[in-house]
Amino acid sequence: MKKIIKVPNIGDLSEVEVIELMVKIGDTIKIDQSLLVVESEKVSMEIPSSHNGVVREIKVKVGDKISKDSQILILEEKENTINIQSPPEELNNFSKINSLPLSLEDSINIHASPSVRKFAREMGVDLKKITFRTGPKNRILKEDVKNYILKNKKISSENMKKKECLFSDFSKFGNIEFQPLSHITKISGQNLYRTWTTIPHVTQFDEADVTELEKFRKNSNNISESDTKLTILSFIIKSVVYILKKYPKFNSSLDSSGENLILKKYYHIGFAVDTKYGLMVPVIKNADQKTITQISQEIINLSKKARKNMLNLSNIQGSTFTISSLGGIGGTAFTPIINSPEVAILGVSKIVLKPVWDNTKFIPRMMLPLSLSYDHRVIDGAMSANFSKSLSNILSDIRKIIL
């Protein structure tokens, strides 16, 4: 009897992208065996089979977007099939996590994440042969694969060359320690690498005179009866939204063909937060409809949630433009990497007191360094310079927003 295998409940996600197929036509599979790997902006998950059987037809391919009840494949059922009425706990909690979750157990009782499986395949390593597993619940980590390769003298010369290129046995030079990357850092790294290698980045550097803005902000905080303190970032976000309306290409995305722009009529601003778990980018939705005080409160609330690793998917999805601020750390400028599928990102460095010539004398002014990275397929240098100049003008006198 033929059975259609469908996508189970994936929580609050409307759709996810297929990034890997783990079976092929003719394969005999068992209940709970992983069929494919799907991925959203921040999470990756293997979807298991609910039946035993032989794969007769595959309904999806890598790159497809699927959602609950989408058809995955058609099985010719085998006897003693047991249907799974509800999805595994990992899928039920799919919308509640912000880092790469533990993958599901397959038919040969191997626990490993999709990234580890991919790495093992690239290195020609059979995961079944790795008996020393250091992850929770006997899970295989990437470091376990590396250690297996280092100790195994029978791998092919080709894979030995790959091994030597990817990592060396540094222990022969001195003491070493393996420190696993956090799940969020791994996912962020993969996304950043993909973005950097697929988008032609150019960065425009500028600076804004925020002397009067800082005076106004500090004075407002001193006389305000509210517990919410206005942050410089809240003024930057409000100013950026104002400029995005004048330069709509910066609030767009390229479609999948790369031939059309999708101009967004909403303004969801992401801002980078450094946490012990890795870099997170919560999103302030409809920033154009909120006051600076409301934006400041959201920045505070979302930053706290990020540092406690309590952000949910609704907190991190849908951004149209991102701001990465290093003002609290230091530095004079940097080249931020675009948060794909956006087409631009603003980097903000530490405010510096500098002497500025006013045509008669040098006067001390508080200057805010700005680093605007943009997708050169969509935005040219002149447009970027105008965007940056306009933003600097607004930040020098925030009252211009109401004109």
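**Close-up views of a predicted model**

**View 1. Contact of helix α7 with helix α8.** In this predicted model, L233, S234, F235, I237 and K238 of α7 meet I292, I295, S296 and I299 of α8. By residue class, this contact comprises six nonpolar, two polar and one charged. The axes of α7 and α8, the latter spanning residues 292-307, come within 9 Å and cross at roughly 120 degrees. Angles of 65 to 115 degrees count as roughly perpendicular and those over 145 as roughly antiparallel; α7 is therefore oblique to α8. The crossing of these two helices is right-handed.

**View 2. Contact of helix α7 with helix α10.** Helix α7 covers residues 232-246 and helix α10 residues 381-396; their axes come within 10 Å and cross at roughly 130 degrees. Because of this angle, α7 is oblique to α10. The crossing is right-handed. From α7, the residues in contact are F235, I236, S239, V240, Y242, I243 and L244, while α10 contributes F387, S390, L391, I394 and L395.

**View 3. Hairpin of strands β18 and β19.** Strand β18 (residues 352-357) and strand β19 (residues 362-375) run antiparallel and are joined by six bridges. Within this pairing, P355 stands opposite P364 of β19. Four residues lie between the two strands of the hairpin, and N359 in the turn has a positive phi of about 85 degrees.

**View 4. Open sheet of four strands.** The strands follow the order β1-β8-β6-β3, and their pairing is antiparallel. At the edges are β1 (2-6) and β3 (28-29), each of which pairs on one side only. Strand β6 (residues 53-58) is joined to β3 by two bridges, the two strands running antiparallel. T28 has V54 in β6 as its bridge partner.

View 5. Where pLDDT is low, the predicted coordinates should not be read in detail. For the protein chain, the mean pLDDT is 83, and 85% of residues reach 70 or more.

Technical notes:
Residues are numbered from 1 along each chain as its sequence is written. This is a predicted model: local features need pLDDT of at least 70, side-chain atom pairs count only at pLDDT 80 or more; totals for chains, interfaces and linings use all residues. Side-chain values use heavy atoms; hydrogens and water are left out. Two strands pair if DSSP finds at least two bridges between them. pLDDT is the predictor's confidence in each residue, from 0 to 100. Axes are lines fitted to C-alpha atoms, for helices over the stretch in contact, and angles run from 0 to 180 degrees between N-to-C directions. Angles under 35 degrees count as roughly parallel, over 145 as roughly antiparallel, 65 to 115 as roughly perpendicular and the rest as oblique. A crossing is left-handed if the near helix is turned anticlockwise from the far one by less than a right angle, and right-handed if clockwise. Contact means heavy atoms within 4.5 Å. Ala, Val, Leu, Ile, Met, Phe, Trp, Tyr, Cys and Pro count as nonpolar, Asp, Glu, Lys and Arg as charged, and the others, Gly among them, as polar.
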